[in-house]
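Let's read a structure together, one feature at a time. Have a look at the chains and ligands before we start.

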Amino acid sequence: MNGIGFVKGMLVTLRHFVNTYVDDLRYGFRKYSPDVDNFETRQGTKAEGAFTVQYPEEKLAMPERFRFVPFLVVNDYDHPEAPGKDWCTSCGICAKVCPPQCIWIVRSNDPVTGRPVPEPEAFFIDIDICMNCGFCAEFCPFDAIKMDHDYELSSYDRTTNHVFDKQKLSKEFKYWKTIAPTRAVEEMQARGGWEHKDAQKAARRGGADAGKDAKREEVRARKAEAAAPTAAPAAEAVAEAPKPAAEVKAEPAAAPAAEGARPWEESHDQREARKQAALARKAARAAKKDG
Amino acid sequence: MELNLAELNRTQYPIPAELQNNVAITSLSKIYNWGRRNSMWPMLFGLACCAIEMIATASSRFDFSRFGMEVMRATPRQSDLMIVSGTVTKKMVVPIVRLYNQMPEPKYVLAMGACASGGGPFKEGYNVVSGIDKYLPVDVYVPGCPPTPQALLYGLIALQKKIDGQSIITSDDVPWYGVGPSDPTPIPILGPDIIDPRQMDMIRRQAEQAARGGTFAVRELPAVAKTAAALPAQKAAPAAAAAAPAAGTMTPEEERRAAALARKAARAAKSAGEAAPAAAPTAAAPLPGGSKPWEESHDIREQRKAAALARKAARASKSEG
Amino acid sequence: MVLTAPDPNKVGTIEDAIADLKAAFPNDVSDDKREGYGGVIVSADKLLEVASYIRDTLKFDYLSSATAVDYLGEGHHSNDHMEMVYHAYRTTGGSALVFKAQTDREKAELPSLVSVWRGADFQEREAWDLFGIRFKGHPNLKRILMWEGFYGHPMRKDWKEAFYESEHKPFDSRWPEGHVYRAEELNVFGSNVKYPSDIDLSRLTDKSESDLYTGFGLGVDMTHMTDENGIQTDELVVNMGPHHPSTHGVFRMVMRLDGETITHLEPVMGYLHRNHEKIGERNTYLHNIPFTDRLDYISSMGNNHGYVLAVEQLLAKGAKYTPPTYRTEVLRVLMVELSRIVNHLWAIGFWLNDLGAFFTPVLYFVQERERILDFFEAVAGSRMMCNYMRFGGVFADLPERIKSTMNLMNDRVRDFDTMQFLQEMINERIPRTIDELDEYLTNSDIVQSRSKGVGYLSAEDAINFSAAGPLLRGSGVAYDIRRADPYSIYPELDFDVAVQHEGDMYARYMVRLIEMRESVRILKQILPRLEYTKGESVTSSFAYSGKIPLGEAYGRVENGKGELGYYVVSAGDKKNTANPWRYHVRAPSFINLTPLGHMCRGTKVADVVAILGSIDIVLGETDR
Ligand code: SF4
Ligand code: SF4
Ligand code: SF4
């Protein structure tokens, strides 16, 4: 109890304090310029302490195995034979292994024969339930569902944005190859080629059953026909999920942002519409008060 | 030369009489928002696993003090932002609502993680509230389980952008620029199960119905759906219509339920139609509910719209009276 | 430490102990002969005597876990009944003596064991709360996780939650006709609620608060109380939490104060009760792994480990079972020991917070933690919710390189060799951090004067209260499951059990510090093993719909916070089951709170937060 221990402790703090400036002195203002890229050192084991990641100017890229919300793999959109074809065969395994049961799959049926077609008619993931566990990706036998690296998903309105449908979930196979090059190669080796398992099987069978393919085409055409009259987005179905809070605080009219756009980037039209609505409301209120 | 102030102020906004001579009105809004968004003080308030990531975001590597949030206040009375970081349980929602009511306006709520947004992996649990927006108005939802610190930062930036877009003139954007203080959120009651005071009427009506020998089961729907499925397709739709009481007497929740019922019935009708494809392959088209069962039919949507309008009118007349 | 040496006649194998017990109570103790079960069944009216005999004569002095199981409609094993399952251990080491007591479901009542083991206190309250078993003689039988006045006992098999869909996962409504809906859409009230049909709103009062204060003497005229100087004083009831910066989450303490001194303290929990066990019994065995991550979310790897050990025990009862490979075990130990370091850094940092060193130490330790999390993220995919272990394997082997890939704009890439990264971490960075921590805090006069002699818990009390982990070892009981009841490859690793004898907060701090050093020692032995097992398979062969043989198992590990145990029962379906019948978590954070009131009595208010910090709880595990 002579204070020496305390002083020693304070020296540790002092050392930390001084060390925060070492990097500044070493690199000066060039610290973040691209030609002095010491990012790796700063984020590695060699660096003293921790360096702040200057998000959003610089972002920590995610390791390959990183998992956030899943996405569905589809063929590249410039695929020579079947552009944009789903890899998912709607086998339902992911829906079964999903621990909080947040995957909903509607299996396609041939409208005439009623037999299942290896393609999901609809595929939903409620990202307000998903626990990012990665089981769906781990157990999918067709490498058709993968864990995405895009964590920038915030939104202003969950009722319309947080049940991901097939369109929102689908991403090109190319994308998977860029975010997880090593694993994509490993999977390719296990599959025996870059193509989808079924596509490879079909290729191996060669033209022997070209007829079958033709039939499949026919089925698809029929299906497209049956689905044609309705194209309302599935989001409609959940848009009315209970939301008492909305009544407490008048929110700006939820403006579903365009795909890929940041939520705050409402279009000019939307903003105008909102303004007009607000004006009208205001006028109505004023009139009421007067009357 | 006489300055025509009215001319100068030709903005799209209606300007309050006392401010009409103020040329700086739009800039004021900007300055206001700039100040507010750059000095958001979050409440030091952790609920569950997500709170750990929130602490990680606050600490040196991600450091949200770069966004003017360095001061985390443990008391609600000094904070602007409530980061609901984790699972909201029924037992905990009571204090949370109290805390929110104690925060001075302007105040913001950020739902961090799947749990706070919509219940998360534990949604099915008996003590879990499926999303804090059942009780509080949420400004930004950050999905993820847990959202990484960078995802949270992105959400915070989104919140800042949102604040930027708010106007101190059109008070409809945010309640706190309106006239007078806004109402506190009613505090839930821990009864046999959690009771939202806003639903009292409805619970009472349900209980009376039960006393008259009706069912007081919450999950009537699967059973209803089953009977609906048993019915032939043509009968299912009227059954759903009968299940919905006269529109005038419906509470919002009942309307919602009616809508859900109708959708369910429509779904059942659809599957009934599917079960016998040979018999009526073309019958599927005219059925209510669109061809995809999860889409609502035009009628239902119209109904819902009408109900929303009615609610709105009721609210307006209430605030008048 | 005054632990009487075990009677040499009595110390023997579990079989000896059971034989002894049966000889002493020939009519009241019988073997549990159900398929896959072990231990003995004790008749309810003799439970107290048998328990005392087990503790005093057989020297099973440590009651690890006490939990209820509802056998309703199980059919195969037994008739409908409620059962309490107790796991008792010797603090000198060895495996468990399991004894059970059965009672009727409708009039569920059993004698309370609090008079034998005070550690049974909270666990019996939990069984009352969730299963509705009354414990005769329990001093304070109130609900613990739910609020007073809640409708029903939710863990009973016939109690269905508002969002109940079907008995077991996977739910049929997800595939092949998986029409998406939100669960609240199907509920009349639009949210997760359900009311009894006889709800009477006119008489509705929120009793949850008032009932808390029974036993606090509220409303009693206390004006007659005088202190030693003859001045009239009054006692004050103070609430701390659930929203309080020092309570490590949503934890609450209600205390009665005499001036600054605490005369009575009662923890109130359940503010993060997420129904882990109810959900766990709907889940398949596999589904539960990611859920365990969310128990003690500071060290999810350790949580995984305990659970897979329990299920592997069950799997081993079956015919086809391949135990995990050596490399699997090496990887598991690697991860678990890294988690332990993370856990202790976090615990010490936040304990310092409670002592008043606001956030500076936390920042230092959190930044070191970030490096370990980087490693977890690269190997398992997530910083916190690792979901890494599988039955008989792990998710994947270490990647060649800890490498990130560009995806978003402004992404900056990192790329390290995994083994090199680990070498640097284990040989340089982590030891350096620990040394610095040591230099920073250990001899600090403020830390010492605040923590020495405060929050005292004697060795006998620690055992009797079922304390675990650093709390137990800080009281001088050298009980570490990695040595006392070894699992995985710990027997062949060279490390010492950290133990301190003072029983105060400082001793717990020292235990954590030493334990981190021991973890580094273990990790240094793991590195060469990682090298020479390269190439061995580590993947699990357990299919997603895998079935588990009948029986019960209790898997436990020494987690950062203490003994983490999983009691898993596989029952019901005669042909192996896909869903656990009972899934119980013996949470160290929960049970370590049992002695909190005892430790805080007589201390000052300012010390309470620090004592709580020195126990090191995490609410995800406390409330589950
Ligand atoms: S497991 Fe794969 S192929 Fe099967 S339904 Fe899921 S995503 Fe589709
Ligand atoms: S990541 Fe896990 S929780 Fe999310 S959809 Fe896949 S399996 Fe379900
Ligand atoms: S979203 Fe996930 S990480 Fe966050 S509180 Fe919920 S379970 Fe925990």
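This is a predicted model: local features need pLDDT of at least 70, side-chain atom pairs count only at pLDDT 80 or more; totals for chains, interfaces and linings use all residues.

Q: How are the side chains of a strand arranged, and which residues of β1(B) point which way?

A: In a regular strand the side chains alternate between the two faces of the sheet. Here L81(B), I83(B) and S85(B) point one way from β1(B), while M82(B) and V84(B) point the other way.

Q: Are the residues of strand β1 of chain B buried or exposed?

A: A residue counts as buried under 20% relative accessible area. In strand β1 (residues 81-85) of chain B, 5 of the 5 residues are buried, so the strand is largely enclosed by the rest of the structure.

Q: In which sense do β1(B) and strand β2 of chain B pair, and over how many bridges?

A: β1(B) pairs with strand β2 (residues 108-112) of chain B in the parallel sense, over 5 bridges. Within this pair, M82(B) stands opposite V109(B) of β2(B). Together with helix α4 (residues 90-102) of chain B, the strands β1(B) and β2(B) make a right-handed β-α-β unit.

Q: Now to the ligands: where does ligand 1 sit, and which residues are closest?

A: Ligand 1 sits in the largest cavity. Of the 13 residues that surround ligand 1, the closest are C88(A), C91(A), G92(A), C94(A) and C140(A). By class, its shell holds 10 nonpolar, 3 polar and no charged residues.

Q: Which residues come nearest to ligand 2?

A: There are 14 residues around ligand 2, and C98(A), C130(A), C133(A), G134(A) and C136(A) come nearest. The shell around ligand 2 divides into 12 nonpolar, 2 polar and no charged residues.

How values were computed: Residues are numbered from 1 along each chain as its sequence is written. Chains are lettered from A and ligands numbered from 1 in the order in which they are written. Side-chain values use heavy atoms; hydrogens and water are left out. A residue is near a molecule or strand if one of its heavy atoms lies within 4 Å of it. Ala, Val, Leu, Ile, Met, Phe, Trp, Tyr, Cys and Pro count as nonpolar, Asp, Glu, Lys and Arg as charged, and the others, Gly among them, as polar. Buried means under 20% relative accessible area, exposed over 50%, partly exposed in between (1.4 Å probe, protein chains only). Helices (H or I, at least four residues) and strands (E, at least two) are DSSP runs, numbered from the N terminus. Two strands pair if DSSP finds at least two bridges between them. A crossover is right-handed if, with the strands pointing away from the viewer, the path from the first strand over the helix to the second runs clockwise. On a 1 Å grid over the protein atoms alone, a cavity is a set of points where a 1.4 Å probe fits but cannot get out, and a pocket is an open set with protein on both sides within 12 Å along at least five of seven lines; lining residues have an atom within 4 Å of a point. A molecule sits in a cavity or pocket if more than half of its atoms lie within 2 Å of its grid points.
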